[in-house]
Amino acid sequence: MRLNEILFPTDFSPASEAAGRVAREMAVQAGARLHVLHVVPPVTDPSLPAESLARAARSLADGLRVETVLLSGWAGRNVVDYAREKRIDLIVVGTHGRTGITHAILGSVAETVVRLAPCLVLTVPASLLAERSAAPGAPPAGVSPRPCLVCDTASEDLICEGCRARIRAERLEQKRESERPGQRGLPV
Amino acid sequence: MAGRGFRRVVLGMDGSAHSRRAAAFLARVTPPRGGRVTVVRVVEPMRVPAMPLVPAPMRAQIAGQAEAANRSRTAAARRQVEAVAATLARAGWRARGVVRSGVPLAELLAAIRTERADVLALGARGAGAVTHFLLGSVSEAALKHAPVEVLIVK
């Protein structure tokens, strides 16, 4: 089975950024056309989202056939209708990975898409963004390395992991010393 | 997943048509280099209540029957996952079948962890009694709780 048309609905949130990356990778691998879709709520000035959409498409376009689409209306329904109309093979949609009330509010578009889509759906949790962008050994993106207060090596925390472990071990040793039988008048 | 497609996949099977379609989809895609699939089927064990007022021989008989049912369900599940794994292996995947016993969602999430999977593939609807829902309860819960990408096949 070939994936010829891949749809990436975006709301420009970090959650959809992660999905965008995956959608791009899938499109590159399958040699598919990538549809980048944004749905503006009804009665909204669409000029601002249009700019964001063009920017998002540019960042994904590199060596790829990309089509940008701006629709107005209810997001979930529009995405599903678009997928049906354009015979989309795969929808890549970001999820916020939240539960409860926040999930009910924010993840509802993804949920509608998953329920009603006529094709394959790949959901990408937002938590993958941080994991993937961090190179092994490097501090996570957005965290500036500053020296550890104890040993002065670069660390994302105030006190680095090694020093924390050492301090904990020292404390534990002190505690053991002070609680040794016979030193507090306990019978030996 | 940089340009690698689906590399380490956990495929959740439950005997439903949708889950078979998920398997068929994976068998049709060209596997990436080193791509592997773990076909997981979770069997919910039948448990027998304590029944303190039931005579001991009858209790033993009921327990024996429940155990036999569990055994035959596990065997059927194993046959299924092995058949699916063989199909996927023919398509070029490194595939193996695993039968786990317990609560479906929890076992699927555990399988993702132990296999260090990056994709969970599921059929949209399960084998539950309510087949007219658009999304099975396990698939829906997996979407909310899985720490990895989830592929829903219809």
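Leu26(B) of this predicted model touches Phe6(B), Val9(B), Leu11(B), Val37(B), Leu88(B), Trp93(B) and Ala121(B), leaving aside residues up to four places away in sequence; contact means heavy atoms within 4.5 Å. Leu26(B) is, together with Phe6(B), Leu11(B) and Leu151(B), among the residues with the most contacts inside the largest nonpolar core, which has 45 residues. Such a core is a set of buried Ala, Val, Leu, Ile, Met, Phe, Trp, Tyr and Cys residues joined through side-chain atoms within 4.5 Å, where buried means under 20% relative accessible area with a 1.4 Å probe, protein chains only. Apart from this core lies another, of 35 residues, including Leu37(A), Tyr82(A), Ala83(A) and Leu120(B).

| Nonpolar core | Residues |
|---|---|
| Largest | 45 residues |
| Another, apart from it | 35 residues |

In chain A, buried residues make up 38% of the 188 residues. Residues 24 or more positions apart account for 68% of the chain A contacts with a separation of 6 or more.

The secondary structure of chain A comprises 7 helices and 7 strands, taken as DSSP runs (H or I of at least four residues; E of at least two) numbered from the N terminus. Along the sequence the pattern is β-α-β-α-β-α-β-α-α-β-α-β-β-α.

Residues are numbered from 1 along each chain as written, with chains lettered from A and ligands numbered from 1 in written order. Local features need pLDDT of at least 70 and side-chain atom pairs pLDDT 80 or more, while totals for chains, interfaces and linings use all residues; side-chain values use heavy atoms, without hydrogens and water.

Methods:
Buried means under 20% relative accessible area, exposed over 50%, partly exposed in between (1.4 Å probe, protein chains only).
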